[in-house]
Amino acid sequence: MAGRNFLFVPGPTNVPDRILRSMMVPMEDHRAPGFPELPRELFQGLKKLFKTEAGETFIFPASGTGAWEAALSNTLSPGDIVLAPRFGQFSHLWIDMMQRLGLNVQVLEVEWGEGAPIAQIEQALRDDTARRIKGVMIVHNETATGVTSDIGAVRRALDAAGHPAMLYVDAVSSLGSIDFRFDEWRVDLAISGSQKGLMLPAGLGIVCASPRAVEAGASAQLRRVFFDFADMRRANATGYFPYTPSLPLLYGLRESLRMLFDEGLEAVFARHQRLAAGTRAAVAGWKLSLCAKKAHWRSNTVSAVVVPPGFDAARVIEIAYHRYNLSLGAGLSKVAGKVFRIGHLGDLNELMLLGAIAGAEMAMVDVGIPITLGSGVAAAQGVWRITPELQKASSPAPLAVCAA
Ligand code: PLP
């Protein structure tokens, strides 16, 4: 099919040309005397991205799943009790990993479409009078349902309960797109990957660990070899890695961080907020709803659109792909066939997203979903044609559209 595929899954995201070019490098000696300059810039940049002074960052040749395992295996022991709400496919998969590693997971079942249940978390921590819960595990942005949880509120729940458990946060589909405040929220372990907000191919598993999390390694008994922080720290301290790193990905990461900082982190977050607001307006224009049950949970990186009963969201995705060269995200597990997802993160602007909204609209009409062609596009345009300056100066009307 002529033209580029419109990639609107919530990861992997579009790799900007600037990053693509930066990865076209000849191989070099990763033990060369000049090599440490590169990792040092990456560790510094990642710290800035996580918003941490004291946290230590780790870059594994892995994906988000590997980073999950690194965070768990370096800090916990078999049989340790951890508290984890399950509200989507990724919190489910992480819990599954915890169980398979031999952790004792106290699961808080939450309806898909809701976020981390703050009051229940606080109660569970208060009830744990013996202070046996070692970690609270939260997926910041549940990519399956398009739900963002309030990590600051989770921290406040831990504090209110006076509980010393460590805070583990999956930031795979939020880092670099939605504000993440490692130090302010006193996160102990944050986990991410390269193929979402960082606009890179998959292949890097990224972890940020607090000093307390690093110290926990001394007593953590879960088995680990490839993901051992201790080996990484030893090598990283001199600017090297304990095994062969993926050089193109490291150069790509350097470029990605430079791009994010050139745009300015707060501007990047504002752009994602704006793109999400337009997408949500489009969904409202179609008179459809989002999987996210309440406005404050609606994600700025992915919208999971619920198709009306009697229609199969998988058909929408299939038609969008085959007829319009548009890749939309599938509904996963419990919401398979019920939702399709529009990823709106990474290297994106309004006109690119209008293409995806137009394509989704055509595919829905093709499968017989009763929406009006142009309704979503027009609604998104209505949000985006208002400049941020005008939004600030104007009455609540345009802001109400943003909140839709
Ligand atoms: N956590 C979240 C929130 C995700 O969205 C994903 C993947 O989409 C993962 C974890 C797993 O990451 P990966 O596929 O890079 O292993």
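## Sheet and helix packing in a predicted model

Helix α6 (residues 151-161) lies across strands β5 and β8 and runs at about 165° to β8, where angles run from 0 to 180 degrees between N-to-C directions of axes fitted to C-alpha atoms, for helices over the stretch in contact. Helices (H or I, at least four residues) and strands (E, at least two) are DSSP runs numbered from the N terminus. This is a predicted model, in which local features need pLDDT of at least 70 and side-chain atom pairs count only at pLDDT 80 or more, while totals for chains, interfaces and linings use all residues. Residues are numbered from 1 along each chain as its sequence is written, and side-chain values use heavy atoms, with hydrogens and water left out.

Strands β5 and β8 pair in the parallel sense over five bridges, pairing being called when DSSP finds at least two bridges between two strands; Val136 has Leu167 in β8 as its bridge partner. Both strands belong to an open, mixed sheet of seven strands in the order β2-β10-β9-β8-β5-β3-β4, with β2 and β4 as the edge strands, each pairing on one side only.

| Strand | Residues |
|---|---|
| β2 | residues 56-61 |
| β4 | residues 104-109 |

Elsewhere, helix α10 (residues 265-285) packs against helix α12 (residues 350-366) at an angle of about 25°, with the axes 11 Å apart; the two are therefore roughly parallel, a term for angles under 35 degrees.

The chain averages a pLDDT of 96, pLDDT being the predictor's confidence in each residue, from 0 to 100, but the value stays under 50 over residues 398-404.

Note on methods
Parallel < 35°, antiparallel > 145°, perpendicular 65-115°, else oblique. Contact = heavy atoms within 4.5 Å.
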